Amino acid sequence: MKQSDIGPNIQQNITQSDTEQRAGGYPAPANRIRPFCIVLGLILIPLNVYWVIVSELRWYAILTLNPLFVTPIFYLFVIIGLNYIFRKFAPILVMTSAEMVVVYIMLVISCTVATHDFIINLMTIVPWPAWYATPENKWEGTMFPHLPKWLLVWDKDLLQGCFTGSSSLLDPAVLKMWIPPLFMWSLFIFSIGWMFFCMNVLLRKAWTEHTKLTFPIVQLPLAMTSNTNSSESIMKSRLLWIGFAIAAALSVINGLHEWIPSIPHFQTRARWVNFSTFPWAVINPLAVTFYPFAIGLAFLMPLDVAFSAWFFFWFMKAQAIIGNMLGYTSIPDFPFQSEQGIGAWYAFGIYVMYSSRHHLKKVIHTALHPGDGSDKDEPISYRAALWGLLAGMIVFTVFWYLVGMSLVWVLIVLFTYLLLSITITRVRAESGVQHTVWDLEPKNLFRLFDSRFIGPANLAAAAMSHWYWRLNRSNTMPSQLEAFKLASEHKINLKKLTFPMLAAFAIATIAGMWACLHIFYAEGALSKCQGFATWTGGETYAWLDNALTSGFRVQPIRWFFTGSAAGIVVLLSILRSKFSWFPLHPLGYCIGPWMMWYWCPTMIAWFVKLIILRYGGLRTYRQALPFFLGLVLGDYVMGAIWSLIGVIWRIPTIQIYH
């Protein structure tokens, strides 16, 4: 992919000064990091986790499902504002760009754990079987014998407060019930975070220095923290503040409309389109959105990637429409979107690893024969990363083997999860768009085989793993690589990130579990929690119940769609390597079909960017860029403020998503 095809990265437009002038007349190195900033990050993490969990679990005001998380941007915005004040009244408290970046990174890592798609999902499935088992569903006889008792809670009396509220988490009996399984789940979660960290160390140079991917998600925080004490700061751009004002004004008006319906508003969130006649009705419901932040982020995407993303969204819809016209919709699951996803993601993942083979060969050689200095700038040495990855893989394998999954299936699932995580990281580095991926998770992957061959223990383990596979929107691996990219642009020694990033992940795990339980027992998971992930619990155990009682068989048509999708990805990759003008990117086939919330903003941003580049060139694109960053910043700042209003005053408010 050529840089000229996608427009310049923000770092090409904003030069990073080597020093930042502090009050008092002496310079402070821009990449200086004082211990108090790391301490500040550690203090903010529990507060951030609690804020996110209350917002998403209690009020269902989503803050973390987009690739660029809301609360870290808000914290960064506040810190920049405080810096302007501190320069006049308390110079010692002024934070350098590097210090702001470190705090921001720690908060981002905490959001990969404390989120709707990760820790809340886990806290849903742990008490679910004991609470929902009845004589009618016969789970005690069909399901319970195959579930890992040590990973779930079973005392229905002590779960009364969890589901109905008005109770205390501090009851010793309640804590005694919850701590053992959550401790074991924590070990598994830590192994995931550590494996991702090691893999990013091994892959970092290939994607940040050799291939020079665009990293759209990094562009806003990079712009906000670059040249913060200079006239070149993007925070002093008039266009940025115009974009900010438009997005913020829309948020204010739409938010007030939620309370006072007589106030007119412009609907930026989903408008649902439902067709009444066939074959068009098969694509119902269709969400049309105009999120300002999504338009701004999509503007940062390379043109070919943006086009491919919305094109393949409609490509999948077209299959459903044509299938209905030909009478295929009577076939269950047609057009087999999950099976197409399995083939597409597997093929693209293998292509990504193949394209990085020369770099990985050098990395392994350095790890086995250290001393050439090629890893001196990495957070940890290649040898430590390689052995650390192996240790994490062993923990993962032992954990799921003890859950009940056979060794062969554990290794298949481990390979698939690591390959998918690497692929998602590459997709994020190239596109920045939301990655809604659950196609490759075990309960979908196992559907390609015969349930009698897989066996009940493996089926139960597949169901139990659903929570961390579900949608993968907050997968921590891309956030870690983006942290390395942001830090390297600020010339931060990456070794200084190892402790803050790993500590943030660990603290967020513990704080996230506590926050969920606190809200459960105070408010009631089924009483007041609007964001309690009942869908995760229902999906997990309904699938397992059906798999154990009815089962499933091998269907050649599923394999056909899986293989066809893999073939399409291979074909697209070949065409792009042969013809530089070919407009379809294979990653679009991976992410496009699930872009129900983002296809419209992506199409709008693609069209606007196409017109700007075609008739105004790169110069006009660079001039327009602050406006689109302002759309993101304004929408996020007001979205965070609305969320805080809801959390503090315990009232429902508008959210920027859904």
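I started with helix 10 (residues 172–210) and helix 24 (residues 498–528): their axes come within 11 Å and cross at roughly 150°. The axes are lines fitted to C-alpha atoms over the stretch in contact, with angles from 0 to 180 degrees between N-to-C directions. Helix 10 is therefore roughly antiparallel to helix 24 (the label covers angles over 145 degrees).

Next I listed who touches whom, with contact meaning heavy atoms within 4.5 Å. Helix 10 brings, among others, Trp178, Trp185, Ser186, Ile189 and Phe190, and helix 24 brings residues including Met501, Phe505, Thr509 and Tyr521. I noted the make-up of this contact as 16 nonpolar, four polar and no charged residues. Here Ala, Val, Leu, Ile, Met, Phe, Trp, Tyr, Cys and Pro count as nonpolar, Asp, Glu, Lys and Arg as charged, and the others, Gly among them, as polar.

A note on provenance: this is a predicted model, where local features need pLDDT of at least 70, side-chain atom pairs count only at pLDDT 80 or more, and totals for chains, interfaces and linings use all residues. Residues are numbered from 1 along each chain as its sequence is written, and side-chain values use heavy atoms, leaving out hydrogens and water.

Then I zoomed in on Thr509, which sits in helix 24. Is Thr509 buried or exposed? Thr509 counts as buried because its relative accessibility is 0% (buried means under 20% relative accessible area, with a 1.4 Å probe and protein chains only). Setting aside neighbours within four places in sequence, I found Thr509 in contact with Val113, Ile119, Ser186, Ile189 and Phe190.

Notes. Helices (H or I, at least four residues) and strands (E, at least two) are DSSP runs, numbered from the N terminus. Angles under 35 degrees count as roughly parallel, over 145 as roughly antiparallel, 65 to 115 as roughly perpendicular and the rest as oblique. Buried means under 20% relative accessible area, exposed over 50%, partly exposed in between (1.4 Å probe, protein chains only).
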